[in-house]
Each structure stands twice: as structure tokens, then as C-alpha cells.
Amino acid sequence: CQYVFMAGGFSSSPYLRKRVQAALSEFRDCKKLIAPFNFSMAILKGAVMLGLDPSIIASRRARCAYAISYERDFKKGDDESHSYMRIVKGVLLKKTSYLHMLVMKDQDLEVGHVVNTSSVNVKDGATSATNRVYKCLANDVLSPWDKRAILHGKLEVTFDKPYDADEARINTKYRFGGEMIRIESTHVQSGKSFKTELSFE
């Protein structure tokens with residue numbers, strides 16, 4: 001980077017500026033350290049600008065990973081305590097849940113970034129399906145039972161009648177905005193859509 005901007009009350013500290021300048025001297029590309037003379041006004045101005053026009057934020061870095069839970073056939077090596085039985089087309093099958101990552105921690109996202117998913121995640125005769133979104137503290141979280149996975153929110157899709165599993169496909173769009181995740185799930189068979197919003201941290 002050619003320029004480094006300092007912000008916040010502590011940026012007025014001569015000692016801090018000196019130490020930062022010394023650290024930056026090791027980087028050839030960095031030409032200048034910039035710190036606002038009136039730091040309090042800089043913070044206030046930025047807050048007002050954001051309040052008047054949230055679109056000034058072009059991108060955001062995800063502070064944590066976001067994932068949704070899916071089920072799959074139980075495989076050798078899976079945790080038995082996380083397994084369960086489900087009837088699919090009249091057949092009793094052993095299943096387990098896992099997480100599918102939508103956004104990785106520290107990923108740089110443009111405002112309006114969209115992730116699309118399509119899933120069948122219900123049993124035969126279901127009249128609803130629940131889409132669960134998890135906030136993960138690391139990118140290597142694989143299971144909703146991992147302590148680093150926190151249920152962030154959910155969206156329930158209700159059907160107009162009971163459907164078999166192969167008729168209950170749901171397409172979902174996740175739109176990551178400046179401060180919100182806007183979610184829209186659509187039941188393919190009926191065309192019925194459901195929406196919700198979650199905070200994007």
C-alpha cells in the first residue's frame with residue numbers, strides 16, 4: 001500500500017505515530033502515514049456519511065464464516081452421537097448433519113454479494129423445512145455440533161400440502177449487504193417464497 005491512514009483517539013499519540021512510522025519504513029511501497037489532525041471530527045463525519053448514504057461502503061471483510069446445515073448419508077468415521085435415522089421414499093436411512101460454507105472468515109465481500117444454494121433437506125410427508133444459518137469462528141468448522149458454530153438465525157419454509165423429499169427442493173439466495181444478510185428461500189414445486197434478514201458482522 002502507498003498510504004496508511006490512522007483513525008481513532010489513540011492516533012493522536014506521537015509515540016504511536018512514531019512506532020507505526022518506524023514499522024512502515026521496512027515496506028518500500030508505503031510512502032506516507034496519514035493521521036487526521038482532528039480525529040474526533042473524522043470519526044463523526046464518517047458516521048454521518050454512512051448514516052446518510054450506506055452505499056458508500058463498497059465492500060466488507062467478514063469477521064466470521066457463515067454456513068448452512070445440510071444432511072448427508074452417514075459415512076464411516078462420522079460421529080455416531082450426531083447421527084439419526086430418516087425415512088426417505090419408504091426406506092430408513094442413517095443420516096448426519098454437516099455445514100456448507102457460504103462465506104469464509106476474512107473474505108472480502110462486495111456489498112450485494114450473492115450466494116445461491118439448492119437443497120432437499122426434509123423427510124417424506126413434510127409440511128415445512130427450516131433453513132438454519134450458522135456463524136462460525138473458523139473456516140474449518142464442519143459440523144453444527146462444533147462449539148465454534150453458533151446458530152445465527154433461521155428461516156422456515158412452509159408448504160401448502162405434504163410433499164415427498166424429492167418434491168421439496170428449495171432454492172435460496174443469500175445477499176450480503178453492508179450490515180445485513182438478506183435471505184430468500186423459494187419452494188420450487190409451489191413457487192412460494194419466504195424472506196428474512198440477519199445481521200452481517
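Predicted model: local features only at pLDDT ≥ 70, side-chain atom pairs only at ≥ 80, totals over all residues.
User: OK, how many helices and strands does the protein chain have?

Analyst: The protein chain has two helices and 13 strands, taken as DSSP runs numbered from the N terminus (helices H or I, at least four residues; strands E, at least two).

User: And what radius of gyration does the chain have?

Analyst: The protein chain has 23 Å, whereas a compact globule of 201 residues would have a radius of gyration near 17 Å; the radius is taken over C-alpha atoms, and the globule rule is 2.2 Å times the number of residues to the power 0.38. Along the principal axes, the C-alpha atoms fill a box of roughly 75 × 40 × 25 Å.

User: Switching to aromatics, how many pairs are there?

Analyst: The structure holds five aromatic pairs, where rings of Phe, Tyr and Trp (its six-membered ring) pair if their centres lie within 6.5 Å, and planes under 30 degrees apart count as stacked, over 60 as edge-to-face and the rest as tilted. The ring centres of Tyr66 and Phe200 are 5.8 Å apart with planes at 55°, so that pair is tilted.

User: Why does that pair tie together parts that are apart in sequence?

Analyst: Because Tyr66 lies in strand S4 (residues 65-73) and Phe200 in the segment after strand S13 (193-199), the pair ties together parts 134 residues apart in sequence.

User: Are Tyr66 and Phe200 buried or exposed?

Analyst: Tyr66 and Phe200 are both buried, meaning under 20% relative accessible area, with exposed over 50% and partly exposed in between (1.4 Å probe, protein chains only). Ring pairs also link Tyr66 and Phe200 with Phe176 into a cluster.

User: Which residues touch the most other members in the largest nonpolar core?

Analyst: In that core of 26 residues, Phe159, Tyr174 and Phe176 touch the most other members; such a core is a set of buried Ala, Val, Leu, Ile, Met, Phe, Trp, Tyr and Cys residues joined through side-chain atoms within 4.5 Å. Its largest share, four residues, comes from S10.

Definitions and conventions:
Residues numbered from 1 in each chain as written. Heavy atoms only, no water.
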